[in-house]
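Q: Could we go through this structure together? I would like to start with the database record and then look at the fold.

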Amino acid sequence: MALTKAKADFTLHPYDHDPAAQAYGEEAADALGVPYERIFKTLVAEVESGLAVAVVPVAGKLDLKAFAGALGGKRAAMADAAKVERVTGYVVGGISPLGQRKQLPTVVDSSALEFETIYFSAGRRGLQIETAPGNLIALTRAVTAPIGKAG
């Protein structure tokens, strides 16, 4: 809805989600035939100021120190899943950086800028949004920084 309201170009990509899947981003990439580098996962971590959102390629991991630094802090740790679901309104594996209950500070990995479009969760398992990285950055008021690291 956030993309529609902003009149941004986007495409929804549904796929059959396997309830046994553990790696949701990789499952989406494989199902849609998209390189792992173009599918981004939404992670929530605790920083000194509270919860914050990291958007990184599924091909790698979140560099917590770089993430904290991008937000002007020193430390970050992954947030408790139950707390994340309560605060964002989404279930783990289907957390979208858009449309969360509360707007959290957001950092998008700078590798997103290398692509014309990127994919990320549309808010439920089995549905991805494809849009220009600039749309995601603008709508979440995100900063970009190299916060991803090789998996």
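Q: Which residues does the UniProt domain annotation cover?
A: This is a predicted model. The unreviewed UniProt entry carries the annotation "domain: YbaK/aminoacyl-tRNA synthetase-associated", and that record places it on residues 24-136.

Q: How much helix and strand is there over residues 24-136?
A: That stretch is 25% helix and 34% strand. Its end C-alpha atoms lie 20 Å apart.

Q: And how many helices and strands are in the protein?
A: The protein has 5 helices and 10 strands.

Q: What share of the residues is buried?
A: Buried residues account for 44% of the 151 residues. As for contacts between residues at least 6 apart in sequence, 60% of them join residues at least 24 apart.

Q: Turning to the open sheet of 3 strands, what is the strand order?
A: The order is β1-β8-β7, and the pairing is antiparallel. β1 (10-14) and β7 (118-124) are the edge strands, each with a single partner, so one side of each has no neighbour in the sheet. From one strand to the next, the twist averages 30°.

Q: How many bridges hold β8 to β1?
A: There are 5 bridges between β1 and β8. F10 has T131 of β8 as its bridge partner.

Q: What about β7 and β8?
A: β7 pairs with β8 (residues 127-131) in the antiparallel sense, again over 5 bridges. R124 stands opposite L127 of β8. The hairpin of these strands has 2 residues between them, and G126 there takes a positive phi near 95°.

Q: Is β8 mostly covered or exposed, and which way do its residues point?
A: β8 is mostly covered, with 5 of its 5 residues buried. L127, I129 and T131 point one way, while Q128 and E130 point the other way. The residues on both faces are buried.

Q: I am also curious about S121. Where does it lie?
A: S121 lies in strand β7.

Q: Why does S121 count as buried?
A: Its relative accessibility is 7%, and the cut-off for buried is under 20%, so S121 falls in that class.

Q: What does the side chain of S121 reach?
A: The side chain of S121 reaches the backbone oxygen of G94 at 3.3 Å.

Q: And which residues does S121 touch?
A: Leaving aside residues up to four places away in sequence, S121 touches F40, G94, I95, S96, P97, L127, Q128 and I129.

Q: Changing topic, what happens at the start of helix α4?
A: Helix α4 spans residues 81-88. At its start, a side-chain oxygen of D80 comes to within 3.3 Å of the backbone nitrogen of A82.

Q: Which residue has a positive phi just after α4?
A: That residue is G89, with a phi of about 85°.

How values were computed. Residues are numbered from 1 along each chain as its sequence is written. This is a predicted model: local features need pLDDT of at least 70, side-chain atom pairs count only at pLDDT 80 or more; totals for chains, interfaces and linings use all residues. Side-chain values use heavy atoms; hydrogens and water are left out. Two strands pair if DSSP finds at least two bridges between them. Helices (H or I, at least four residues) and strands (E, at least two) are DSSP runs, numbered from the N terminus. Axes are lines fitted to C-alpha atoms, for helices over the stretch in contact, and angles run from 0 to 180 degrees between N-to-C directions. A polar contact is a pair of N or O atoms within 3.5 Å; within protein, one must be able to donate a hydrogen and the other to accept it, and residues adjacent in sequence count only if both atoms are side-chain atoms. Buried means under 20% relative accessible area, exposed over 50%, partly exposed in between (1.4 Å probe, protein chains only). Contact means heavy atoms within 4.5 Å. UniProt positions are given in the numbering used here, feature names are shortened, and annotations may be inferred rather than shown by experiment.
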